[in-house]
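Please consult the sequence and the structure shown here.

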Amino acid sequence: MSTLSDQLQIIENTASHEKQLVAYLEMYTELFPVQNAYLLRYSPLGFLGEGIISLEQDEIKYIHELRYDIRTLPTIMEAIDEKKAKFFRDRELFEKTSSNFVIESAITSFLVTPICCRSIVVGFIYSSLFDAGAEFNEEELNAITDFSNKIGQIIQGSTHKERKKLLSKREFEVMKRVAKGELTKEIASSLDISELTVKQYVKMAIKKLDATNRVHAIAEMFRRGMLA
């Protein structure tokens, strides 16, 4: 019988970033009493949550159409702020849900699990369907949080390997700042280099990523898992 460490090692050694994410959700639904799982990336710049994939009834779907301002979703924001799994049900779920956000009548409980790389939340999972009789006490929520933090470490490691294979350290640093919305002038000032040098790094990164422009390059970095 394989241990948790063995299963995490399998995920870590999975060939592609996309397959890693699928394996993560599959393991999540096997370990914990949840029947669905929606994985989203999170950007503290703009408090944006963006869908990646979901797993329900053994079916994987892309959910790129999902985009949320997390500030309008106090349940998710609370889990992100505290960096720990949180479970909400019945009245508490209703009271902490914005009137602008419509909850399906069948949903009476909500589990949110942030994914951290070191101290930074880079994504989260939410579940709304659970096994019969499932109870999420403090011990269970701590176990879910611990598992998610281990996955965050794997994501961080695979991101580092992917970046090293393709972009130089400085190219990656510049593109990471571009992804955060920083202007060329701001990047140059922060890194103490000229604006021309910043533009050259961006140009080289675009070429290496086989992209047509900087927006396409950032999208490609997200797709490859280089930007969590």
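The model is predicted: local features need pLDDT of at least 70, side-chain atom pairs count only at pLDDT 80 or more, and totals for chains, interfaces and linings use all residues. Residues are numbered from 1 along each chain as its sequence is written, and side-chain values use heavy atoms, without hydrogens and water.

Helices α6 (residues 169–179) and α8 (residues 195–208) have axes that come within 9 Å and cross at roughly 95°. That makes α6 roughly perpendicular to α8 (65 to 115 degrees). In the contact (heavy atoms within 4.5 Å), R170, E171, V174, M175 and V178 of α6 meet V198, Y201, V202, M204, A205 and K208 of α8. The residues of this contact divide into eight nonpolar, no polar and three charged.

The structure holds eleven salt bridges, each defined as a side-chain nitrogen of Lys or Arg within 4 Å of a carboxyl oxygen of Asp or Glu. Three of them are tabulated.

| Salt bridge | Closest N and O atoms |
|---|---|
| E135 and R89 | 3.7 Å |
| E173 and K176 | 3.7 Å |

E138 in helix α5 (residues 138–166) and K84 in the loop between α3 and β5 are 54 residues apart. E135 lies in the loop between β7 and α5 and R89 in strand β5, so this pair ties together parts 46 residues apart in sequence. E135 counts as exposed, at 55% relative accessibility (exposed is over 50%). By contrast, E173 and K176 both lie in helix α6, three residues apart. These two residues, R177 and E182 are linked in a network of salt bridges.

Notes:
Axes fitted to C-alpha atoms, helices over the stretch in contact; angles between N-to-C directions. Helix = DSSP H or I, 4+ residues; strand = E, 2+ residues; numbered from the N terminus. Parallel < 35°, antiparallel > 145°, perpendicular 65-115°, else oblique. Nonpolar A, V, L, I, M, F, W, Y, C, P; charged D, E, K, R; others polar. Buried < 20%, exposed > 50% of the residue type's maximum accessible area, 1.4 Å probe, protein only.
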